[in-house]
Amino acid sequence: MRAQSSATAASPIAVSAPREIRGLGTVQAALGVVAFSLTFPATAWGLESFGPWSLVAVRGVLAALVAGGCLLALRVRLPARRHLAGLAVVAAGVVLGFPTLTTLALQTSTTAHAAVVVGLLPLTTAVFSALRTGARPSRRFWLAAVAGAAAVLAFTVGQSGGALTTADGYLFGALLVCAAGYTEGGRLARVMPGWQVIGWALVLCLPLTVPAAALALSYEPVRLSAHGVAGLVWVALGSQFLGLVVWYRGMAAIGIPRASQLQLAQPLLTLVWSALLLGEHFTVAAPLTALAVLVCIAVTQRS
C-alpha cells in the first residue's frame, strides 16, 4: 500500500493532468468570449454593406463551407443518429436563431446596448444547463451569477431610460435560443470534438441558408465596402466557427455553468470594441459594472 501511494505521489501526470485540463479549458473558453465580444461591432460593420437577412444567411453559408471543407478533408464520419437531435438544437439556437435575432436588433440598437442585454446570457445558460444536464452548482455560485446578471441588467435599464424596446425583445429571444444551443453544444462536446459539433450544425443548416442567401441577396441591396466585407468575414469565420470551436472545447473541459460565467466579461469587452471600432460612447457606469462583473467571475470560478 505504501509503495502504491509513493508511486502515485511521484507521478506528476496523475496529479497535474486535471488541473492542466481545467486551465486549458478556461483559456479556450476565454478565447471564445473574446471572439464573441467582436460579433456585435462586426455585425454593425456588415450591415453597412448587406441587409440583415442577407448578412445572416451569407455568414451561415460561408461558415458552413469552411466547416464542411474541414470535415471532408479530415474524413470525419457522419454523426451518430442519437446526436442529431442535439445538433439540431445547436443549429437552431447558435447558427440560425441568435444571429438572426441579434442582427435584427442591431438595426435600431447600439452595439453597446445590445452587449449589456446579452450580458444576461451566462445566467440563462447556467439555468438551461441545470435543467438539461442535471448540474447542481453551489449556492455561492448562484448568488454570484445572479449578482453579476443584476449588475448587467441595472446597467442596461439605466442606459435605456427604464423602457424596453422592440430591439430588447429580439435580444431577450436571442438569449433563450443561444443558451439552449450553448448547453446542448457543451454536452455534445464531451462525446465529440467541439469543432465537429459546430461544424455539423453549420452543415445541417445549408439546405436553409443557401436558398435564404440567394433570396435575400436578390431583394436586399448590396453596397460593398471594406468595413462591410471585414464584418461579414469575422461573423462568419471568427464568431460562427472558430469562436464556437474553442468555446465548446472549453465548456467540455470546465463545465457549462463555469464556462458560461466567463461570458460576464463579454459585454464589457464589446463596449471597448464599440468605442474603438465604431466610435460609440458610454457612461461612467461601464467601468463600475466591469468591476462588479469581474468580482462575480472570480467568485463563480472559485465555487
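**View 1. Contacts of Thr124 in a predicted model.** Leaving aside residues up to four places away in sequence, Thr124 touches Leu175, Leu176 and Ala179, where contact means heavy atoms within 4.5 Å. Thr124 belongs to helix α7 (residues 121-133); helices (H or I, at least four residues) are DSSP runs, numbered from the N terminus. With a relative accessibility of 15%, Thr124 counts as buried; buried means under 20% relative accessible area, exposed over 50% and partly exposed in between, for a 1.4 Å probe and protein chains only. This is a predicted model, in which local features need pLDDT of at least 70, side-chain atom pairs count only at pLDDT 80 or more, and totals for chains, interfaces and linings use all residues. Residues are numbered from 1 along each chain as its sequence is written, and side-chain values use heavy atoms, with hydrogens and water left out.

View 2. The 14 residues of α11 (residues 206-219) should span 20 Å at 1.5 Å a residue, and the end C-alpha atoms are 20 Å apart, which agrees; the expected span is 1.5 Å times one less than the number of residues. Leu206, Thr209, Ala213 and Ala216 are the buried residues of α11. Seen down the axis, these buried residues fall within an arc of 105 degrees, so they line one face of the helix; the arc is that of the directions from the helix axis to the C-beta atoms. Exposed residues on the other side of α11 include Pro207, Leu208 and Tyr219. The buried residues pack against α4 (52-73), α5 (84-105) and α10 (194-204).

**View 3. The crossing of α4 and α11.** The axes of these helices come within 8 Å and cross at roughly 140 degrees. Axes are lines fitted to C-alpha atoms, for helices over the stretch in contact, and angles run from 0 to 180 degrees between N-to-C directions. The helices α4 and α11 are therefore oblique to each other; angles under 35 degrees count as roughly parallel, over 145 as roughly antiparallel, 65 to 115 as roughly perpendicular and the rest as oblique. Among the residues that meet are Trp53, Ala57 and Val61 in α4, and Thr209, Ala213 and Leu217 in α11.

**View 4. Arg75 in a loop.** Arg75 is placed in the loop between α4 and α5. Its phi is near 55 degrees, a positive value in a residue other than glycine. Arg75 is exposed, with a relative accessible area of 76%.

Key. Helix = DSSP H or I, 4+ residues; strand = E, 2+ residues; numbered from the N terminus.
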